[in-house]
Amino acid sequence: MKQLLKTLTESFGPSGYEDAIRKIVVTEVKPLADEVRVDALGNVIARKKPASGAKNPKKIMFAAHMDEIGVIVSHIDKNGFVRFTNIGGTFGRYTLGARVRFLNGASGVVGYDRLEQMDHWLPIDKMYIDVGATSKKDCPVKVGDVAAFERPFVEMGNRIVAKSLDDRTGVVALIEAMRAVKSTPNDLYFVFTTQEEVGTRGAGTAAYGVDPDIGIAVDVTPTGDTPSSLKMVMELGKGPCVKFRDVGMLSDPRVVDWMLQTAEKAKIPHQREVLLVGSTDAREIQVSRAGVMAGAVSIPVRYVHSSSEMVDYDDMKNTVKLLAALASKPVTF
Ligand code: CO
Ligand code: ZN
């Protein structure tokens, strides 16, 4: 699982350009699924059918997003300096000084027009990418080219630091849960979505296509366990979080109860989550078609949307256990 997480976090897939991630995902899920298809938005939809003789199988859709935040070139000046705008929640404070990698292989570093105050608010429209060019002519990128942040995967004890743990941890958890579920009374859809970071777009079309009874997003949640963080109970190392609320969704109470009871029965460490910032694919699934019972399992991650996000490896293992437990037993509501 660690090797797969390393491979996925060191690959590049800004929203709308998830090809490299999709390739890896399709290769991984093909031997584990009964059917695999890719829809028009690029979502990978892998189905595990109910065991023969299963009565009234419930259609459960698990969703994790393949895309990550990034930047897109908007202008190049005569000296070859590249102006850009955000793809998703790219924060200025994490962008200045970062290295980026374009999909065509070009690298760049992010500089700032002129820093008057070192601790000033940093808008990205005052930043540029220096790609090593000396003129517009020898600039290796064009307007419209996209890049993601570049940072190697490192282990620090039981903690892992990498870029795009949001949401490659979720992608890995879904793949490992598929591996762990040998047979199921449910009709399972493991969906690897696109364009979450620009507004949960892939999950909407995927949910329309799958038409599930229950939808569960598997994504990261920021924590409240660092100095002066928001007052939230989620901590690294305390297990997967059962979401009650975020900015975009109130989880269906039946789904919440099912998750809590399943975790308790299987003795899987878990946490309750009320998230004060952000949302997930689950909100899109919940309001798709005529409505879907929805919830989310969140993996606690620090420094979300920086290029050094941090996860506890035990949380990943326990997330896989919880997903496998949810997928393997008949659903009674
Ligand atoms: Co995100
Ligand atoms: Zn995410």
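How far apart are the zinc ion (ligand 2) and the cobalt ion (ligand 1), and which residue coordinates both? They sit 3.2 Å apart, and D166 is the residue that coordinates both. These legends describe a predicted model, where local features need pLDDT of at least 70, side-chain atom pairs count only at pLDDT 80 or more, and totals for chains, interfaces and linings use all residues. Residues are numbered from 1 along each chain as its sequence is written, chains are lettered from A and ligands numbered from 1 in the order in which they are written, and side-chain values use heavy atoms, with hydrogens and water left out.

**View 1. The zinc ion (ligand 2) and its donors.** Donors are N, O and S atoms within 2.8 Å of the metal (3.2 Å for Na, K and Ca); water is not among the atoms, so sites may look incomplete. Along the sequence, the donor residues follow the spacing H-x100-D-x52-D. H65 belongs to strand β3 (residues 59-65) and D166 to helix α4 (residues 165-180), so this pair ties together parts that are 101 residues apart in sequence. Helices (H or I, at least four residues) and strands (E, at least two) are DSSP runs, numbered from the N terminus.

View 2. Buried means under 20% relative accessible area, exposed over 50%, and partly exposed in between (1.4 Å probe, protein chains only). Look also at the peptide bond from D166 to D167: it is cis, with omega near 5°. D167 is found in helix α4.

**View 3. Q195, a residue with positive phi.** Most residues other than glycine have a negative phi, and most peptide bonds are trans. Q195, however, has phi near 55°. You will find Q195 in the loop between β12 (187-193) and α5 (201-210), where Q195 is buried at 19% relative accessible area.

**View 4. H305, another loop residue with positive phi.** For H305, phi is near 70°. Its loop runs between β16 (293-302) and β17 (309-312), and H305 counts as buried at 14% relative accessibility.
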